Amino acid sequence: MIDNHGSDMARGSLRVLLLGGTTEASRLAQALAQAGVDAVFSYAGRTDAPVAQPLPTRVGGFGGVAGLQAYLQAERITHVVDATHPFAAQMSSNAVQACAAAGVPLLALERPAWQAQAGDVWTHVADISAALQALPAEPARVFLAIGKQNLAPFLACTQHWYLLRLVDPVMDLPATRGHVVLDRGPFTLEGDRALLQAHGITHIVSKNSGGAGAEAKLTAARELGLPVILIDRPYIPGRTTVGSVPEVLHWLGVAGH
(Lines give C-alpha, C1' and ligand atoms only; values in the text may rest on other atoms or scores of the structure.)
Protein backbone atom coordinates (compact mmCIF):
# COMPACT_ATOMS: atom_id res chain seq x y z
CA MET A 1 0.00 0.00 0.00
CA ILE A 2 1.37 3.41 -0.93
CA ASP A 3 0.45 6.85 0.30
CA ASN A 4 -1.41 9.09 -2.11
CA HIS A 5 0.89 12.10 -2.06
CA GLY A 6 -1.07 14.05 -4.65
CA SER A 7 -4.59 13.69 -3.32
CA ASP A 8 -4.44 16.80 -1.15
CA MET A 9 -3.31 19.15 -3.89
CA ALA A 10 -4.84 20.35 -7.12
CA ARG A 11 -3.50 18.68 -10.23
CA GLY A 12 -2.26 22.04 -11.46
CA SER A 13 0.09 22.42 -8.49
CA LEU A 14 1.98 19.22 -9.32
CA ARG A 15 5.38 19.44 -10.93
CA VAL A 16 6.86 16.03 -11.53
CA LEU A 17 10.41 15.02 -12.42
CA LEU A 18 10.33 11.70 -14.29
CA LEU A 19 13.70 9.96 -14.40
CA GLY A 20 13.34 7.87 -17.52
CA GLY A 21 15.01 5.67 -20.08
CA THR A 22 12.75 2.60 -19.96
CA THR A 23 9.61 1.47 -21.75
CA GLU A 24 7.72 1.95 -18.50
CA ALA A 25 8.94 5.55 -18.29
CA SER A 26 7.69 6.25 -21.80
CA ARG A 27 4.27 4.82 -20.93
CA LEU A 28 4.13 6.98 -17.83
CA ALA A 29 5.16 10.06 -19.81
CA GLN A 30 2.26 9.46 -22.18
CA ALA A 31 -0.16 9.08 -19.26
CA LEU A 32 1.11 12.23 -17.56
CA ALA A 33 0.82 14.22 -20.77
CA GLN A 34 -2.74 12.98 -21.32
CA ALA A 35 -3.63 13.92 -17.74
CA GLY A 36 -2.25 17.41 -18.22
CA VAL A 37 0.35 17.04 -15.48
CA ASP A 38 3.26 19.48 -15.44
CA ALA A 39 6.22 17.13 -15.75
CA VAL A 40 9.81 17.01 -17.00
CA PHE A 41 11.28 13.86 -18.55
CA SER A 42 14.97 13.32 -17.82
CA TYR A 43 17.28 11.13 -19.90
CA ALA A 44 20.75 10.15 -18.70
CA GLY A 45 22.09 10.74 -22.21
CA ARG A 46 23.67 7.35 -22.86
CA THR A 47 21.74 6.80 -26.10
CA ASP A 48 22.46 8.92 -29.16
CA ALA A 49 18.85 8.98 -30.35
CA PRO A 50 16.54 8.51 -27.35
CA VAL A 51 12.84 7.90 -27.86
CA ALA A 52 10.94 11.18 -28.27
CA GLN A 53 8.61 11.99 -25.37
CA PRO A 54 5.36 13.98 -25.10
CA LEU A 55 6.83 15.98 -22.20
CA PRO A 56 9.52 18.65 -21.92
CA THR A 57 12.80 16.72 -21.93
CA ARG A 58 16.22 17.26 -20.44
CA VAL A 59 19.29 15.16 -21.23
CA GLY A 60 22.35 14.59 -19.05
CA GLY A 61 23.32 14.18 -15.43
CA PHE A 62 22.50 16.50 -12.55
CA GLY A 63 25.92 16.64 -10.90
CA GLY A 64 25.48 14.06 -8.16
CA VAL A 65 23.24 14.26 -5.11
CA ALA A 66 23.86 17.95 -4.48
CA GLY A 67 23.17 18.84 -8.10
CA LEU A 68 19.92 16.91 -8.15
CA GLN A 69 18.80 18.45 -4.86
CA ALA A 70 19.52 21.92 -6.25
CA TYR A 71 17.55 21.10 -9.40
CA LEU A 72 14.55 19.91 -7.41
CA GLN A 73 14.51 23.12 -5.42
CA ALA A 74 15.19 25.49 -8.34
CA GLU A 75 12.53 23.87 -10.53
CA ARG A 76 10.02 23.62 -7.66
CA ILE A 77 9.61 19.88 -8.22
CA THR A 78 6.84 18.45 -6.02
CA HIS A 79 7.25 14.73 -6.84
CA VAL A 80 9.95 12.52 -8.36
CA VAL A 81 9.26 9.25 -10.15
CA ASP A 82 12.32 7.07 -10.75
CA ALA A 83 11.61 4.93 -13.81
CA THR A 84 15.24 4.41 -14.78
CA HIS A 85 16.74 1.07 -15.74
CA PRO A 86 17.01 -1.39 -12.82
CA PHE A 87 20.80 -1.27 -13.25
CA ALA A 88 21.02 2.54 -13.08
CA ALA A 89 21.97 2.15 -9.42
CA GLN A 90 23.95 5.38 -9.11
CA MET A 91 21.13 7.55 -10.41
CA SER A 92 18.57 5.76 -8.26
CA SER A 93 20.73 6.06 -5.15
CA ASN A 94 21.27 9.75 -5.85
CA ALA A 95 17.52 10.22 -6.20
CA VAL A 96 16.87 8.61 -2.81
CA GLN A 97 19.37 10.90 -1.11
CA ALA A 98 18.45 14.10 -2.97
CA CYS A 99 14.72 13.66 -2.45
CA ALA A 100 15.23 13.03 1.26
CA ALA A 101 17.39 16.14 1.57
CA ALA A 102 14.96 18.30 -0.40
CA GLY A 103 11.84 16.89 1.26
CA VAL A 104 10.39 15.78 -2.09
CA PRO A 105 8.36 12.54 -2.24
CA LEU A 106 9.97 9.80 -4.35
CA LEU A 107 8.37 6.78 -5.97
CA ALA A 108 10.11 4.12 -8.06
CA LEU A 109 8.38 2.53 -11.04
CA GLU A 110 10.28 -0.73 -11.37
CA ARG A 111 9.62 -3.76 -13.54
CA PRO A 112 9.75 -7.13 -11.73
CA ALA A 113 12.92 -9.16 -12.13
CA TRP A 114 12.84 -12.25 -14.33
CA GLN A 115 12.22 -15.53 -12.54
CA ALA A 116 13.52 -18.89 -13.73
CA GLN A 117 11.04 -21.35 -15.19
CA ALA A 118 11.21 -25.08 -15.78
CA GLY A 119 13.82 -25.79 -18.42
CA ASP A 120 15.92 -22.70 -17.78
CA VAL A 121 19.66 -23.22 -17.38
CA TRP A 122 20.61 -20.10 -15.45
CA THR A 123 23.69 -19.19 -13.47
CA HIS A 124 23.10 -16.18 -11.21
CA VAL A 125 26.09 -13.89 -10.68
CA ALA A 126 26.54 -10.68 -8.71
CA ASP A 127 28.22 -8.42 -11.25
CA ILE A 128 30.04 -8.04 -14.57
CA SER A 129 33.29 -9.50 -13.22
CA ALA A 130 31.51 -12.61 -11.95
CA ALA A 131 29.71 -13.00 -15.28
CA LEU A 132 33.04 -12.97 -17.07
CA GLN A 133 34.41 -15.61 -14.71
CA ALA A 134 31.33 -17.78 -15.30
CA LEU A 135 32.08 -18.17 -19.02
CA PRO A 136 33.93 -21.33 -19.99
CA ALA A 137 37.68 -21.29 -20.48
CA GLU A 138 37.33 -22.89 -23.89
CA PRO A 139 36.12 -20.80 -26.85
CA ALA A 140 32.39 -20.05 -26.82
CA ARG A 141 29.96 -18.11 -29.01
CA VAL A 142 28.41 -15.62 -26.61
CA PHE A 143 25.36 -13.41 -27.01
CA LEU A 144 26.42 -10.48 -24.84
CA ALA A 145 23.12 -8.75 -23.98
CA ILE A 146 24.44 -6.21 -21.46
CA GLY A 147 24.38 -2.89 -23.32
CA LYS A 148 27.44 -0.90 -24.32
CA GLN A 149 28.85 0.22 -20.96
CA ASN A 150 30.65 -2.97 -19.89
CA LEU A 151 31.88 -4.58 -23.09
CA ALA A 152 35.63 -4.09 -22.69
CA PRO A 153 36.33 -6.83 -20.08
CA PHE A 154 34.58 -9.40 -22.24
CA LEU A 155 36.25 -8.36 -25.47
CA ALA A 156 39.60 -8.73 -23.69
CA CYS A 157 38.87 -12.48 -23.49
CA THR A 158 39.93 -13.11 -27.05
CA GLN A 159 39.07 -16.82 -27.18
CA HIS A 160 35.33 -16.06 -27.35
CA TRP A 161 33.21 -14.87 -30.28
CA TYR A 162 30.61 -12.24 -29.32
CA LEU A 163 27.23 -11.27 -30.67
CA LEU A 164 26.39 -7.72 -29.56
CA ARG A 165 22.95 -6.13 -29.89
CA LEU A 166 23.17 -2.36 -29.43
CA VAL A 167 21.00 0.68 -30.02
CA ASP A 168 23.91 2.86 -31.18
CA PRO A 169 26.79 1.97 -33.53
CA VAL A 170 29.54 2.30 -30.95
CA MET A 171 31.99 -0.20 -32.45
CA ASP A 172 32.77 -2.65 -35.22
CA LEU A 173 34.07 -6.14 -34.60
CA PRO A 174 36.20 -8.16 -36.99
CA ALA A 175 34.20 -11.15 -38.23
CA THR A 176 36.62 -13.42 -36.37
CA ARG A 177 35.74 -11.74 -33.05
CA GLY A 178 32.01 -11.24 -33.38
CA HIS A 179 29.10 -9.41 -34.94
CA VAL A 180 27.15 -6.26 -34.02
CA VAL A 181 23.38 -6.03 -34.54
CA LEU A 182 21.80 -2.58 -34.29
CA ASP A 183 18.27 -2.91 -32.99
CA ARG A 184 15.91 -1.53 -30.37
CA GLY A 185 13.35 -3.61 -28.44
CA PRO A 186 10.82 -4.90 -27.85
CA PHE A 187 12.07 -8.14 -29.37
CA THR A 188 10.09 -11.20 -30.47
CA LEU A 189 10.59 -14.86 -29.63
CA GLU A 190 10.75 -15.77 -33.32
CA GLY A 191 13.33 -13.09 -34.00
CA ASP A 192 15.54 -13.96 -31.04
CA ARG A 193 15.34 -17.69 -31.69
CA ALA A 194 16.44 -17.10 -35.29
CA LEU A 195 19.21 -14.75 -34.14
CA LEU A 196 20.65 -17.29 -31.70
CA GLN A 197 20.50 -20.10 -34.24
CA ALA A 198 21.91 -18.06 -37.12
CA HIS A 199 25.02 -17.20 -35.12
CA GLY A 200 25.46 -20.56 -33.42
CA ILE A 201 25.25 -19.04 -29.94
CA THR A 202 26.35 -21.36 -27.10
CA HIS A 203 26.00 -18.99 -24.11
CA ILE A 204 24.03 -15.86 -23.20
CA VAL A 205 25.15 -13.18 -20.76
CA SER A 206 22.38 -10.82 -19.65
CA LYS A 207 21.49 -8.38 -16.91
CA ASN A 208 18.31 -9.27 -15.04
CA SER A 209 16.52 -6.23 -16.41
CA GLY A 210 13.05 -7.74 -16.22
CA GLY A 211 10.10 -6.70 -18.35
CA ALA A 212 8.62 -8.15 -21.51
CA GLY A 213 10.59 -6.13 -24.05
CA ALA A 214 13.83 -8.11 -23.76
CA GLU A 215 12.56 -11.40 -22.32
CA ALA A 216 12.35 -13.18 -25.66
CA LYS A 217 16.02 -14.17 -25.62
CA LEU A 218 15.47 -16.06 -22.36
CA THR A 219 12.48 -17.94 -23.75
CA ALA A 220 14.48 -18.77 -26.88
CA ALA A 221 17.39 -19.95 -24.72
CA ARG A 222 15.01 -22.20 -22.77
CA GLU A 223 13.68 -23.73 -25.97
CA LEU A 224 17.19 -24.26 -27.34
CA GLY A 225 18.66 -25.51 -24.05
CA LEU A 226 21.26 -22.73 -23.92
CA PRO A 227 22.91 -21.69 -20.63
CA VAL A 228 22.27 -18.13 -19.46
CA ILE A 229 24.58 -16.20 -17.14
CA LEU A 230 22.25 -13.73 -15.44
CA ILE A 231 23.64 -10.71 -13.61
CA ASP A 232 21.59 -9.89 -10.51
CA ARG A 233 20.35 -6.37 -9.88
CA PRO A 234 22.56 -3.98 -7.92
CA TYR A 235 21.74 -2.71 -4.45
CA ILE A 236 19.60 0.43 -4.25
CA PRO A 237 18.69 2.09 -0.92
CA GLY A 238 15.18 1.46 0.36
CA ARG A 239 12.39 3.36 -1.39
CA THR A 240 8.70 2.97 -2.14
CA THR A 241 8.27 0.95 -5.33
CA VAL A 242 5.34 0.15 -7.61
CA GLY A 243 5.09 -1.90 -10.77
CA SER A 244 2.52 -0.14 -12.94
CA VAL A 245 1.64 3.25 -14.42
CA PRO A 246 -1.84 3.34 -12.79
CA GLU A 247 -0.21 2.98 -9.36
CA VAL A 248 1.99 5.99 -10.11
CA LEU A 249 -1.00 8.05 -11.22
CA HIS A 250 -2.84 7.09 -8.01
CA TRP A 251 0.19 8.15 -5.96
CA LEU A 252 0.18 11.51 -7.75
CA GLY A 253 -3.55 11.91 -7.21
CA VAL A 254 -4.36 12.00 -10.92
CA ALA A 255 -5.81 8.52 -11.36
CA GLY A 256 -8.90 8.55 -13.51
CA HIS A 257 -7.89 11.61 -15.55
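Where is Pro186 found? Pro186 is in the loop between strand 9 (178-182) and helix 6. The points below take up that loop and other parts of this predicted model.

1. **Overall build.** The chain has 8 helices and 12 strands. Its radius of gyration is 20 Å, close to the 18 Å that the globule rule gives for 257 residues, so the chain is as compact as a globular protein of that length. The C-alpha trace spans about 60 × 35 × 30 Å along its principal axes.

2. **Burial and contact range.** Of the 257 residues in the chain, 46% are buried. Take the contacts with a separation of 6 or more: residues 24 or more positions apart account for 66% of them.

3. **The cis peptide.** Gly185 and Pro186 are joined by a cis peptide bond. Omega there is about 5°. Pro186 belongs to the loop between strand 9 and helix 6.

4. **Helix 6 against helix 7.** Helix 6 covers residues 189-198 and helix 7 covers residues 216-224. Their axes come within 8 Å and cross at roughly 60°. The two helices are therefore oblique to each other. The crossing is right-handed.

5. **Who meets whom in that pair.** Helix 6 brings Leu189, Asp192, Arg193, Leu196 and Gln197. Helix 7 meets them with Ala216, Lys217, Thr219, Ala220, Ala221, Glu223 and Leu224. By class, the residues of this contact divide into 6 nonpolar, 2 polar and 4 charged.

6. **The buried side of helix 7.** Which residues of helix 7 are buried? They are Ala216, Lys217, Leu218, Ala220 and Ala221. Note that a lysine, Lys217, is on this list. The buried residues of helix 7 pack against helix 6 and several strands. The strands are strand 6 (121-125), strand 7 (141-145), strand 8 (161-166), strand 10 (203-207) and strand 11 (227-231).

7. **Helix 2 against helix 3.** Here the helices are residues 64-74 and residues 89-102. The axes of helix 2 and helix 3 come within 8 Å and cross at roughly 50°. That makes helix 2 oblique to helix 3. This crossing, too, is right-handed. On the helix 2 side, the contact is made by Gly64, Val65, Leu68, Gln69, Leu72 and Gln73. On the helix 3 side, Met91, Asn94, Ala95, Gln97, Ala98, Cys99, Ala101 and Ala102 take part.

8. Leaving aside neighbours within four places in sequence, Ser93 is in contact with Tyr235, Ile236 and Pro237.

9. Arg76 lies in the loop between helix 2 and strand 4 (79-82). Arg76 is not a glycine, yet it has a positive phi of about 55°. Its relative accessibility is 69%, over the 50% cut-off, so Arg76 counts as exposed.

Notes: Residues are numbered from 1 along each chain as its sequence is written. This is a predicted model: local features need pLDDT of at least 70, side-chain atom pairs count only at pLDDT 80 or more; totals for chains, interfaces and linings use all residues. Side-chain values use heavy atoms; hydrogens and water are left out. Axes are lines fitted to C-alpha atoms, for helices over the stretch in contact, and angles run from 0 to 180 degrees between N-to-C directions. Helices (H or I, at least four residues) and strands (E, at least two) are DSSP runs, numbered from the N terminus. Angles under 35 degrees count as roughly parallel, over 145 as roughly antiparallel, 65 to 115 as roughly perpendicular and the rest as oblique. A crossing is left-handed if the near helix is turned anticlockwise from the far one by less than a right angle, and right-handed if clockwise. Contact means heavy atoms within 4.5 Å. Ala, Val, Leu, Ile, Met, Phe, Trp, Tyr, Cys and Pro count as nonpolar, Asp, Glu, Lys and Arg as charged, and the others, Gly among them, as polar. The radius of gyration is taken over C-alpha atoms; the globule rule is 2.2 Å times the number of residues to the power 0.38. Buried means under 20% relative accessible area, exposed over 50%, partly exposed in between (1.4 Å probe, protein chains only).
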